[in-house]
Amino acid sequence: MDYRLDEIDRLILHALMSDARGTSAPMIADEVSVSPGTIRNRIHQLEDNGIITGYHANVDFEQTGHRFTNLFVCTAPVPERERLSKLVREIPGIVNVRELLSGRGNLHVLAVGEDMNDVTRIGRELSNLRLDIEDENLVRRESFEPYSPFGPNERPGFGALADVVSLAGGSEVVELVVATDAPIVGKTLGEIGDDDLLADDVLVVSIERDDDIHTPRGGTTIEPDDVVTLLSRGGVSEETIRLFASLETDDADVTVASDENAEE
């Protein structure tokens, strides 16, 4: 996968997994401290890269009129698993098919029947596809939770730092979110260079603003909610990060200790 998740992406995924219908781009933007346009663009990127594959309503079918939800644990020949999975999804009443890598029980099929005779009909159609039904059970309740490692941590937001990639030789690529009251807001890259605000080995690679990626130029102005990517041969210092952070940010918000920062 070419697309690399950063902290912004992870928080977007957590929010959508918590409540995709009731969560808007401006709501996520408030939490992540970027613009709603940036959030919408990131969601499109997550969809285009096959990370977000759809949005679905979780339905309690028992509440819709005494319908039965049944889980069939089936075995399909491994070479035929994908083809049979597609055929299973065409059976009326099938609402979910999960392919597993195991040899036995490698297809989990969730089916909804109007009554037990309907559930039996679905089981018979599965058998007609030459699937071995290893087990079946009525589903009492199904719950979903967002993936907790993608959620907000104990800090109030994640400060300016959104992502760090450590490269060979001690170089770093750092992604920073510009706070509204950051010291660098309103300055052009030319002014930043003239004032020696960034170390000589720090290069501004790109600026993400709403749905655009801007190529940095001397006249480019740093604005609040920009997502700025820096490249540094010697590593980005906390002093540099503070230029992009809120004046109220404490030391904990400009330091990173994460397994995500693997050397590439």
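How many bridges join strand 6 to strand 9, and in which sense do the two strands run? Six bridges join them, and the strands run antiparallel. Before we walk on, please keep in mind that this is a predicted model, in which local features need pLDDT of at least 70 and side-chain atom pairs count only at pLDDT 80 or more, while totals for chains, interfaces and linings use all residues. Residues are numbered from 1 along each chain as its sequence is written, and side-chain values use heavy atoms, with hydrogens and water left out.

Five strands make up an open sheet in the order 5-6-9-7-8, with antiparallel pairing. Strands here are DSSP runs of E with at least two residues, helices are runs of H or I with at least four residues, and both are numbered from the N terminus. Two strands pair if DSSP finds at least two bridges between them. Strand 5 (161-166) and strand 8 (212-214) stand at the edges with a single partner strand each, so one side of each has no neighbour in the sheet. On average, neighbouring strands of this sheet are turned by 15° against each other, direction ignored.

Now follow the sheet from strand 5. Five bridges join strand 5 to strand 6 in an antiparallel arrangement, and V164 stands opposite V174 in strand 6. The two strands form a hairpin with five residues between them, and G169 in the turn has a positive phi of about 85°. V174 also stands opposite L230 in strand 9. Strand 6 is largely enclosed by the rest of the structure, because five of its six residues are buried. Buried means under 20% relative accessible area, exposed means over 50%, and partly exposed lies in between (1.4 Å probe, protein chains only).

On we go to strand 7, which pairs with strand 9 (residues 227-232) in the antiparallel sense over six bridges. Here L203 stands opposite L231 in strand 9. S206 lies in strand 7 (residues 202-209), and this serine is buried, with a relative accessible area of 17%. Not counting residues up to four places away in sequence, S206 touches I213, H214, P216, V227, V228 and T229, where contact means heavy atoms within 4.5 Å.

For a contrasting residue, look at T180 in the loop between strand 6 (172-177) and helix 6 (189-194). T180 is exposed, with a relative accessible area of 61%. Leaving aside its neighbours within four places in sequence, T180 is in contact with V185 and P224. T180 and D225 are 45 residues apart in sequence and 6.9 Å apart in space, C-alpha to C-alpha.

The helices come next. Helix 1 lies across strand 5, strand 6 and strand 9, running at about 125° to strand 5. Axes are lines fitted to C-alpha atoms, for helices over the stretch in contact, and angles run from 0 to 180 degrees between N-to-C directions. Helix 1 (residues 7-19) also packs with helix 2 (residues 25-32) at an angle of about 135°, their axes being 10 Å apart. The two helices are therefore oblique to each other; angles under 35 degrees count as roughly parallel, over 145 as roughly antiparallel, 65 to 115 as roughly perpendicular and the rest as oblique. In this contact I8, L11, I12, A15 and L16 of helix 1 meet I28, E31 and V32 of helix 2. By class, the contact has seven nonpolar, no polar and one charged residues. Ala, Val, Leu, Ile, Met, Phe, Trp, Tyr, Cys and Pro count as nonpolar, Asp, Glu, Lys and Arg as charged, and the others, Gly among them, as polar.

Helix 2 packs with helix 3 (residues 36-48) too, at an angle of about 110° and with axes 8 Å apart. These two are therefore roughly perpendicular to each other. Here A25, P26, I28, A29 and V32 in helix 2 meet P36, I39 and R40 in helix 3.

Our last stop is another open sheet, with four strands in the order 2-3-1-4 and antiparallel pairing. Its edge strands are strand 2 (94-99) and strand 4 (132-138), each pairing on one side only. The twist averages 20° from one strand to the next. Six bridges join strand 1 (residues 68-75) to strand 4, which run antiparallel, and C74 stands opposite I133 in strand 4. Helix 5 (residues 116-128) packs on this sheet, touching strand 1, strand 2, strand 3 and strand 4, and its direction makes about 20° with that of strand 1.
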